[in-house]
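I have a structure open and a notebook beside me. Here is what I look up as I go.

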Amino acid sequence: MSGLLIERPLPHGGRLVERVVTDKKVARKMIQGCPTYEIKPTLHYETGVPVRNVYREIMSICYGFFSPVEGSMKQAEVERVLKERRLLNEWIFPYPLVFDISKDDLNKLGVTVGDRLCLTLKGKPFAILDIEEIYEIDPEELAYKTFGDPETNPEVVQQKFDKKHPGWVIYRSHQPYVLAGKYTIINEPKLKPPFDRFWFPPRKAREEFDKRGWRTVINHQTRNVPHVGHEFLMKCAAFTGDVEPCHGILVNAVIGVKRRGDYPDEAIVEGHEAVNKGGYIKPERHLVSIVLWDMRYGNPLESLLHGIIRQNMGCTHHMFGRDHAAVGEYYDKFATQILWTKGIPSFGFPAPPTEVPYGLKIRPQNMREFSYCPTCKEMAYSETCGHKREKLSGSFLRGMVAEGVQPPSIIMRPEVYKVVVKWWKKFGYPFCNEKYVINKEKELEVDLEDL
Amino acid sequence: MAYFMVVLLDDSRMAKLRGTGLEDNIKYMFGGELRLLEVEVSEELKDKILAEFETARVDSRGAITDVPVAFMRELFNQVVEKKSLGPEVVEGVLAKVDEIKEMAAKESEYLPPPDIETE
């Protein structure tokens, strides 16, 4: 192969983690005599609203999205992640991931190191946790250390984190005891429609890329229904590649706990699919997929996790925009770009994550934005077009949708709008409201059969 | 500063607007793809809107935004009814303020979807 051609990278850590038992007989044997624990959503430490469900982490770990992580982290690993953003096996990783439990539940369970715990979900056996360590955490300290602060991380952190930050709230709402050890899924959950057709765990994604003849693939991270600005971002970013543009565009939607005002997950995935069904990007070149994860909104840290997930899925490139996975002004709006082009020494990156030992291979593609230029009479790139442009803001568009006014096709494709209205009819609301958030966390994205 | 509110126009609203004599006042954005009207708001009416609806705000152009959807729908109804873009339109909306507030309270639970084919 020519030296100019980019090859698909190996998974982060060198191999895909796959911890899913598919033989029910074997699975039943594995949980024989084990104490059971029903997975509970993490509730906001003040309001009691669901903010996370650890089942999503178990799914993403066991299906290899978070390779090389294999389970709930031990105390030494959490400390290393917080200090250097590295696992004990040296591979870079941005966030602590733990199975947290209350003191009452721990006492009731009476488990100890060496025990196997059967985790149930919606009342059905789901996974096992082989307990290697039990330790106590201070959730508030964990929350602060996870995201950094202006004194320790002056390169990118602009303000102290607080309860207005949803990621900080997730860690602050953790229970104080951690059961550390490897997870294994022993009863494969079935993704519910419409999520089932977007479920491409890393092995399946890599196989799909092979089937499609995609050597180079650029990922588009999303938590939004696509407007035409997003579509142009995808189309144009895909011109990055090697000797030819990227063969494929992978849209990977983060599916997890929602915030009020977000579009429903169902509308997001089907909205992206409508882009290819409508032919705006050929389906042969565009694939919509999901990952289960309750976003931490850690801007540069989140981008690192996104890089890991998409490299594991087989992508060669990753688009990163301004304010990537950000909320508020806690981080510099270009913190992600700083990480991927220069590094952030205080977070353990004296160089970009692609240039440090045990780092990533996926290539960052830092894009700005597209908006309509009435002079050029087309969607124009902010760093190229010299005219005054009409900006496409998400809130402007949301206001239009809420009013029941169909956005013109230069802003939102009619096929995408139809998807928004389809789910609006189903939920009685175009965006996530309290009812949607509560129901979603009750029903989750999966169902389980009896084992 | 002159204040105004933007009324967005899609095909269904354009049909209702026909014959009101307001067609010449339509403004265009996004290469003529987005049609809109601007309704005049006096200083006094602007203050009333801000006092009645806590989410309402005035942006840097003088546009009043972030009012409930029920307000915006009634704003369009009043434009058609009054065949005007003058302050009497917002006056007409504010005359129904209790009804709008009641609907706004329910807005976080339910918003009527547009009547379009989705399958």
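My entries follow, starting with the ground rules.

**Ground rules.** I am reading a predicted model, in which local features need pLDDT of at least 70 and side-chain atom pairs count only at pLDDT 80 or more, while totals for chains, interfaces and linings use all residues. Residues are numbered from 1 along each chain as its sequence is written, chains are lettered from A and ligands numbered from 1 in the order in which they are written, and side-chain values use heavy atoms, with hydrogens and water left out.

**Where B meets A.** I looked up the contact (heavy atoms within 4.5 Å) and found 24 residues from chain B and 26 residues from chain A. The buried area is about 2300 Å², with 65% of that from carbon and sulfur atoms. That area is the accessible area (1.4 Å probe) that two parts lose on being put together, summed over both.

**Charges across the interface.** How many salt bridges does the rule find between chain B and chain A? I get one: B:Arg13 with A:Glu403, at 3.1 Å from N to O. The rule wants a side-chain nitrogen of Lys or Arg within 4 Å of a carboxyl oxygen of Asp or Glu. Side chains of opposite charge can pair when their charged atoms come close.

**Polar contacts.** I note nine residue pairs in polar contact between chain B and chain A, both residues at pLDDT 80 or more. Such a contact is a pair of N or O atoms within 3.5 Å; within protein, one must be able to donate a hydrogen and the other to accept it, and residues adjacent in sequence count only if both atoms are side-chain atoms.

**Chain B's side.** The elements giving two or more residues here are β1 (3–9) and α3 (69–82) of chain B. Helices (H or I, at least four residues) and strands (E, at least two) are DSSP runs, numbered from the N terminus. α3(B) gives the most, with three residues. By class, I see 13 nonpolar, three polar and eight charged residues on this side. Ala, Val, Leu, Ile, Met, Phe, Trp, Tyr, Cys and Pro count as nonpolar, Asp, Glu, Lys and Arg as charged, and the others, Gly among them, as polar.

**Salt bridges overall.** Searching the whole structure over all chains, I get 46 salt bridges. One I looked up is A:Arg15 with A:Glu70, closest N and O atoms 3.4 Å apart. A:Arg15 sits in the segment before α1 (24–30) of chain A and A:Glu70 in the loop between α2 (54–62) and β4 (71–72) of chain A, 55 residues apart.

Which residues does a cis peptide bond join? A:Ser67 and A:Pro68 are one such pair, with omega about 10°, and A:Pro68 is in the loop between α2 and β4 of chain A. Another cis bond joins A:Pro193 and A:Pro194, with omega about 5°. A:Tyr358 is not a glycine, yet its phi is positive, near 55°.
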